[in-house]
Each structure stands twice: as structure tokens, then as C-alpha cells.
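Subject: Structure handover

Hello,

Here is the structure I said I would pass on. My notes on it follow below.

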Amino acid sequence: MENTIKLGISSCLLGNDVRYDGSNSSDRFLIDTLGHYVSYVPVCPEVECGLGIPREPVRLVGDPDNPRLVTTRTGKDYTDLMVSWARKRVQELETEHLCGFIFKKSSPSSGMERVKVYGEKGYPVKKGVGMFVRVFMEHFPRLPVEEDGRLNDMHLRENFVERIFALQRWRNLLAEDTRRSHHIDFHTAHKLLLLSHSPKHYQGMGRLLAHAKDYPLQELYLNYEVMLLDALKLMATPKKHVNVLQHLMGYFKKDLSADEKKELLEIIARYSSGLVPLIVPMTLINHYVRKYDQPYLKQQVYLNPHPLELQIRNHV
Ligand code: SF4
């Protein structure tokens, strides 16, 4: 198992000229910024299943829950070709140990949601899922997935990035050391991160670990991974962050002067009202963690869940 985060991605987003007209849909954030921290596995369903470049564009038609993939002008039906190729491709992708997939929005093959499906009268409803994506998500139901368009929303970006980094840390742990004590260390280090997403899941994961000896190791890990991914999929809202920040403040009860406490409370209140982004209270808290040498907090992933250079907490 490699240490790099591997993500599947719709090939055109990387600037590859694979669209029906030989163009691409390059995305600067994915290529220039996130691309520094992940390695991509590009997939173009339409080219890889043999439709060629250039090609007649395709669209989804019929029942939005079970549409067909048909060319727009000549009406050629590529559904069976695409589905049988997709089933083989997802088997191959298992060997890549992907931490997630970024799809191209609106595409009849690669769109994750709200893809146009055309009815008999030729009018579209935005209720479809791309033909390849449907097969992919059935095969990897819990793997983090997103679309290029949705990743422009900073809260969705934060959520996706946190999930892929957490999944890679979890997989690294399993690859390096499966002792139960290390599993507990992992859980402890992720406490505040999990609380910022779902206190309920954090408690459930704690109960699972308390009864760890009742489970065969593989079953224990699988159950824990499912709960980890389910927890992190829930959005970390400002309200949940405020609860975690107040919880964090409790560790400095004896250290902070009255003035420092007042300042920190004011900054948390400003974050809570949307006046400053999360990076502001986090920077002050990281300063206190270093200043007052808090060993328990130093190991908390929540304080540095992903590279600062991604600037995600500057915008949430
Ligand atoms: S959206 Fe998907 S099928 Fe279309 S060009 Fe991009 S990768 Fe290929």
C-alpha cells in the first residue's frame, strides 16, 4: 500500500482532450492545488468503452431511475456497452485502493447527480446519475465521491478533503500496524475531528472499541471503517465546530489568563456569527497548544486535518 492518497477522476478534468469534440474541462484547483497532495487515476468512460474522439454526443433518456445512454442525433443506444465496460472497470479500480473519486458534473456518463434525463417528448428532468457513476457507487458505496462543481462550495470541499485524508490515515494504520492499542490511538487522535462531524458516531465507535475483543480483527476493522466514513460524511457545521472549540478551551482552564480566555471566547463568538473563518480561532488555539505544551491536544488531528496550503479553513 502506498502512502499517497489516490483519487479516481474524470479524465477531462485533468485537461485531457477526451470530450466528444476533442476538448477538455480542466479544473485549476484539482490540477494545481489538490493535485500536489494526491495522485490521480484518470477515467474517461466514453473513450475507454470505445466511443472514440471526436464522437457524437450522448445523453440519458427514458426512466430517470433506469435511463438509457443514447446518441443525441442518430439515437444509437450505448447502454449495454457502457454498463458491461463499467462493471469490468470498477473491478480493475479495486487494485488502485482509491480514497475517493471526483466526477465531472452534468455528464451522462460521469455526472454524480442532477444529470439531465430526456423524456419521450424531448424535455429533460435533472434527476439522473451518470451511467458509469451509478455502477461505481454501487460497487464502492462508502467511498468519498464528489463533483467538480460541488467542490467549489467550500463546505463540501472541506468535507471531501477531510474524508480522503482520514481514509488514507486509516489505511496507513492498517498497512503498518494492526495492534489493538494502535487502533485506540487512532480513535483518540480523531476524537475532536469526529466530534465536529457527529458526536453520536464518535460514541458508537467508542462502544465498538470497548467490545473489540468480541470481534474477529477483520470484522472489527470493517465495522470501524464503515462508522468512520459514515461519521465524516455528515457535515461539520459551524455549530458543531463551536462546540469542539469550546471543548478545546476546557483543556486550557488552568493555563490561560483571564484576558486570554476573554480573547479566545470573543474570537469563537466571531466565528460563530460568521464574522471570521475557522482558521482564526484554530490559529489561536494552535498557538496555545504550543505555548502551554498540551501533549493530548498536540496529537489531535482536528488541529491540522489537512495541509494548510489547501486554505480550506480560510473559507469555512
Ligand atoms: S465527462 Fe466523463 S465521459 Fe465525458 S469526457 Fe469527461 S471523463 Fe470522458
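By class, the lining of the largest pocket has 12 nonpolar, seven polar and seven charged residues. In this scheme Ala, Val, Leu, Ile, Met, Phe, Trp, Tyr, Cys and Pro count as nonpolar, Asp, Glu, Lys and Arg as charged, and the others, Gly among them, as polar.

Two points on how to read these notes. The model is predicted, with local features needing pLDDT of at least 70 and side-chain atom pairs counting only at pLDDT 80 or more, while totals for chains, interfaces and linings use all residues. Residues are numbered from 1 along each chain as its sequence is written, and side-chain values use heavy atoms, with hydrogens and water left out.

Pocket and ligand

The largest pocket has a volume of about 540 Å³; a volume here is the space filled by probe spheres set on the grid points, which are joined across faces, edges and corners. Its lining comprises 26 residues, and R19, E46, S106, S107 and P108 lie nearest the centre. The elements that contribute two or more residues to this lining are α2 (45-48), β3 (58-61) and β6 (115-118). A pocket is an open set of points on a 1 Å grid over the protein atoms alone, where a 1.4 Å probe fits, with protein on both sides within 12 Å along at least five of seven lines; lining residues have an atom within 4 Å of a point. Helices (H or I, at least four residues) and strands (E, at least two) are DSSP runs, numbered from the N terminus.

The ligand sits in this largest pocket, in the sense that more than half of its atoms lie within 2 Å of the pocket's grid points. There are 13 residues around the ligand, and S11, C12, C44, S107 and S110 come nearest; a residue is counted if one of its heavy atoms lies within 4 Å of the ligand. The shell divides into five nonpolar, four polar and four charged residues.

Individual residues

S10 belongs to strand β1 (residues 5-10). S10 is buried, at a relative accessible area of 2%; buried means under 20%, exposed over 50%, and partly exposed in between (1.4 Å probe, protein chains only). Setting aside neighbours within four places in sequence, S10 is in contact (heavy atoms within 4.5 Å) with V43, F101, I102, F103, K104 and S110.

D65 is in the loop between β3 and β4 (68-71), and at 62% relative accessibility D65 is exposed.

R270 is part of helix α11 (residues 258-272) and is partly exposed, with a relative accessible area of 39%. Not counting residues up to four places away in sequence, R270 touches L275 and V276. The C-alpha atoms of R270 and D63 are 48 Å apart, and the two residues are 207 apart along the chain.

Backbone points to check

I53 and P54 are joined by a cis peptide bond, with omega about -10°; P54 lies in the loop between α2 and β3. Two residues other than glycine have positive phi: H97, near 50°, and R114, near 55°. H97 lies in the loop between α3 (79-94) and β5 (100-103) and is partly exposed at 41%. R114 is in the loop between β5 and β6.

Regards
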